[in-house]
Amino acid sequence: MKLLSTKATCNSHGQDSSYFLGWQEYEKNPYDEVQNPKGIIQMGLAENQLSFDLLESWLAKNPDVAGFKRDGKSIFRELALFQDYHGLPSFKKALVDFMAEIRGNKVTFDPNHIVLTAGATSANETLMFCLAEQGEAFLLPTPYYPGFDRDLKWRTGVEIVPIQCTSTNNFQITESALQQAYEEAKNKNLKVKGVLVTNPSNPLGTTMSKSELNLLIDFIKDNKDMHLISDEIYSGTVFTSPSFISVMEILKERNDFKDFDADISERVHVVYSLSKDLGLPGFRVGAIYSENDMVVAAATKMSSFGLVSSQTQYLLSSMLGDKKFTKNYIFENQKRLKKRQKMLVNGLQKAGISCLETNNAGLFCWVDMRHLLNSNTFEAEMELWKKILFDVRLNISPGASCHCTEPGWFRVCFANMSEDTLNLAMKRLKDFVANSINGEGCSNNKKKTRSTQASRSFTKKSISNWVFRLSSRDHREQEER
Amino acid sequence: MTQTQKKPTNPKKTQSEPPSSSSSSSRTGMKLIVPLQAVVQGRNGFLLGSLIPLSLFYFLQLYLKRRRSENNNNTPSSPTTLLLPRSSSRSNLSSRGSISRVRVSKLANVVAKRDDSLYYVGIERVEKDPYHVKFNPNGIIQLGLSDNKLSLDLIEKWLVKNLEGSMMGNEDINLSINGIAPYQSFHGLNELKIALADFMHQVMGGSVEFDPSNMVLTSGATPAIEILSFCLADHGNAFLVPTPYYPGFDRDVRWRPGIDLIPVHCRSTDNFNLNITALEQAFSQARKRGVKVRGILISNPSNPVGNILTPDMLFSLLDFAEDKNIHIIADEVFAGSTYGSEEFVSIAEVLDSEYIDKSRVHIVYGLSKDLSIAGFRVGVIHSHNKTVLDAAKKMSRFSAISAPTQRLVTSMLSDKRFIQEYIETNRNRIRRVHDEFVDCLTKLGIKCAKSSAGMFCWADMSGLIRPYSEKGELELWEKFMSVAKINITPGSACHCIEPGWFRICFTTISFEEIPVVIDRIRKVVESCKSSD
């Protein structure tokens, strides 16, 4: 066998983690209301399927757009050969207007500073290529989206150093945590090139406060080498107060108050995508916004490796250009998200499970199942996760896969299924919790204990051998990270 | 005094033979010579006798070192540099003078600066003053992009007839919950893979089958090449690539994967056909330099020449790869654009009939050329190597094809009757324009390399350039751009070793516009001849 690259043969793409393994299990036994009512319900996929009808009705009302027509005339030929990495101007304009609208028009974006990419996945990777060398590092607050291990590290060779956040303050970023992360990087001889945050946060489902944002800007202010990337792909999913504050707003404020360093605006970059807000992950539409001309120039050329189809650009330029539609969509979508989140929260409460009280955005809740753990360890969390996956048949994401420092937290998505399915999932969970309390050996442990033995004998059903193998592999991988 | 005169030259002679000799070997030399001198000349001469040769020797070392480093900077196609050739030193200066003090990555610095390659410069110049038959008849005609405009009307007609069904409402394109791809399908919906496998089978002559499970779909052939580069080699390794080659390869392979491209020069005397001896030479030279060659990158049909690899040559190539235990990346995007008498044979076909290890051959394909839909971004990686496929599937997340486009294209490709008609008509139109164009060029005294496919001709204008060098070629290019107002791609942008060759694309104009182009070319030809 010929040699392949280390990238092809290593596993730093992170796709062996439990986050992805859960999906694989789901694919083998997916729930279907009619055909497979005992199947696994997918609650680990952060997709927004609540507002498709709005999109479909718009498309039905605008058949010309899908037919490559503008004002009755066919523009197919222009689109067929359009592969300019600068992007379709009308689409970029419509996109920046949409982004501004989501931010209550408190900030505006210049279409010339937008770079289109095939999804936020590509946007994040491209920014890494543009801002850091191989072996340098970015600080990320934990818990963070498991895909970052692949998107930010795999092909770029950049390292991630976690900023440890804890439940004591609802996982907000603190100055000491930032400093600690920076020190940790220094001790590992890693040059820190900046901080990357997701705002609203995945998996927490919370928006960042003004003080957190100011803290971050203060942190990078004095070091000319440091950048701040704000991944704001969930900005349109904020369904309740506090309202969303973009880092661009803070920049503008500080600009207005003359408390600013001319360089800062060139070191803050925003990533956006239509996958979450519009529920169109399959369309592969992402964007980088930056005031740094060098970054825009480099990222634009690199976007050759992930251009957005001209058909899609045209379609969306029309859709997003329909201001009446976007206003209604944003409003209606948020309403539905709020309702659905409440359903999930209530359902969890009935099962005696609480979630992060500050949850005001996103397509998921950050759920506290610490009291269901046998011990305050990640082994216990993994065990609980497996029970929920195989016995309760719900695929949810364990905190360990998000690099959470505290065991027992899980991300549960609520926007990718029907109401009935959600209710069924909650019922299953309630039954599971009730049964465990009734003592099939599982001790409810509210106190923090330091037991290291995974108590396999407590489980209701016997789990097959390969699951044990699976668990030991996961355990090893967690230790590797 | 002959003895003293001899002595000072000794150290220089012995040390200058290997200019890169380490200082330790020189020191031992000095240790031998200096005391000898003292013995021969007596005490007074000792100091002079040793100081002068010593200082002369050190100055010589300094001079040789500086000359060596200058040489490195001045060899533009030196394979050891990973920077884009020719432009680095000049643009480093320009970026140093830039106002921003914000540090970005080295890669960003390299990528962001303005491209000096005339391939890209030409495209930019056209954008500023594009020709339009009605609105800008004096604009620059784009003959530097291999876009296919000849058969767009066929596709347009199909869309008008079929779009109702393929976009809205029914199962073909649905935006409902089921239509949205779960994460695995980023490497392409199965239906599209099946449709593409069928299309490739058809367009490549119907003699080789492609298995959809060996395919990973990407947003165009560009990311396909980059992904394969990431999979097959590490930063600092190299691929061999026959010249002249498509300028985009420099971007796809060097930028982010950090893999070098070692040119293997082909000559007009062979009609720029691939030469295994040249490959062997390039491989062993690389090995001597300590560079690890991991594969060969070829385009077949060739861009920019347009010739096709014969089955024999394909076998030889496979043997070579087998012998050296390296990969082959075959970019076959022009497979359907054949117009000559030669039949296209995909490397996949040759694989089938041999005992060769299939897992070393990877094919890149796309719909930008053969189906004219470059804007839709549809590319294919085809490989028998399971590890490569697995890695490529994960990497395709960064370059996935937009879902509505996947649906639309699946629909289109599944209309077998339309596709058959399209392939035939397109081929005929390309042939017609090619034959007419080459005929007209010949009448002007410009010969083209023998070609059987592609959307361009590889024209020999070496007779028109003064001097016979890259400089002369650049001047001619500028003449074509500013006087004749046509953008054609100079051979130097394609790393051609012989100056004076130009790639002229003829599928971006209509048959009726050929006389306009020929007229403009004639002006330049005549002005060149008159200035003799």
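The crossing of helices H3(A) and H14(A) is right-handed. In this predicted model, H3 covers residues 52–61 of chain A and H14 covers residues 323–350 of chain A. Their axes come within 10 Å and cross at roughly 160°. Angles over 145 degrees count as roughly antiparallel, so H3(A) is roughly antiparallel to H14(A). H3(A) contributes A:Asp53, A:Leu54, A:Leu55 and A:Trp58 to the contact. These residues meet A:Phe325, A:Tyr329, A:Glu332 and A:Arg336 in H14(A). By class, the residues of this contact divide into five nonpolar and three charged, with no polar residue.

Aromatic rings were examined next. A search of the whole structure finds 30 aromatic pairs over all chains. One of them joins A:Trp58 and A:Phe325, with ring centres 6.0 Å apart. The ring planes stand at 50°, so this pair is tilted. A:Trp58 lies in helix H3 of chain A, and A:Phe325 lies in helix H14 of chain A. The pair therefore ties together parts that are 267 residues apart in sequence. Both A:Trp58 and A:Phe325 are buried.

A tilted pair is also found in chain B, between B:Phe437 and B:Phe506. Here the distance is 6.3 Å centre to centre, and the angle between the planes is 40°. B:Phe437 belongs to helix H17 (residues 416–443) of chain B. B:Phe506 sits in the loop between strand E13 (501–505) and helix H19 (514–530) of chain B. The pair therefore links parts that are 69 residues apart in sequence. Buried means under 20% relative accessible area. B:Phe437, at 0% relative accessibility, therefore counts as buried. B:Phe506 is buried too, with a relative accessible area of 0%.

Ring pairs also build a cluster in chain B. Its members are B:Tyr119, B:Tyr120, B:Tyr245, B:Tyr246 and B:Phe249. B:Tyr119 and B:Tyr120 are among the buried residues of helix H6 (residues 118–128) of chain B. B:Leu118, B:Gly122, B:Ile123 and B:Val126 are buried in this helix as well. The buried residues of H6(B) pack against both helices and strands of chain B. The helices are H10 (248–254) and H18 (470–484). The strands are E1 (141–142), E11 (486–487), E12 (489–490) and E13.

Helix H17(B), which holds B:Phe437, also packs against helix H8 (residues 190–203) of chain B. The angle is about 40°, and the axes are 11 Å apart. That angle makes H8(B) oblique to H17(B). H8(B) passes H17(B) in a right-handed crossing. On the H8(B) side, the contact is made by B:Asp198, B:Phe199, B:Gln202 and B:Val203. On the H17(B) side, it is made by B:Lys416, B:Ile419, B:Gln420, B:Ile423 and B:Arg427. The contact of H8(B) with H17(B) has four nonpolar, two polar and three charged residues.

Totals for chain A complete the description. Chain A has 17 helices and 15 strands. Of its 481 residues, 63% count as buried. Contacts in chain A were also sorted by sequence separation. Among those between residues at least 6 apart in sequence, 76% join residues at least 24 apart.

Conventions. Residues are numbered from 1 along each chain as its sequence is written. Chains are lettered from A and ligands numbered from 1 in the order in which they are written. This is a predicted model: local features need pLDDT of at least 70, side-chain atom pairs count only at pLDDT 80 or more; totals for chains, interfaces and linings use all residues. Side-chain values use heavy atoms; hydrogens and water are left out. Axes are lines fitted to C-alpha atoms, for helices over the stretch in contact, and angles run from 0 to 180 degrees between N-to-C directions. Helices (H or I, at least four residues) and strands (E, at least two) are DSSP runs, numbered from the N terminus. Angles under 35 degrees count as roughly parallel, over 145 as roughly antiparallel, 65 to 115 as roughly perpendicular and the rest as oblique. A crossing is left-handed if the near helix is turned anticlockwise from the far one by less than a right angle, and right-handed if clockwise. Contact means heavy atoms within 4.5 Å. Ala, Val, Leu, Ile, Met, Phe, Trp, Tyr, Cys and Pro count as nonpolar, Asp, Glu, Lys and Arg as charged, and the others, Gly among them, as polar. Rings of Phe, Tyr and Trp (its six-membered ring) pair if their centres lie within 6.5 Å; planes under 30 degrees apart count as stacked, over 60 as edge-to-face and the rest as tilted. Buried means under 20% relative accessible area, exposed over 50%, partly exposed in between (1.4 Å probe, protein chains only).
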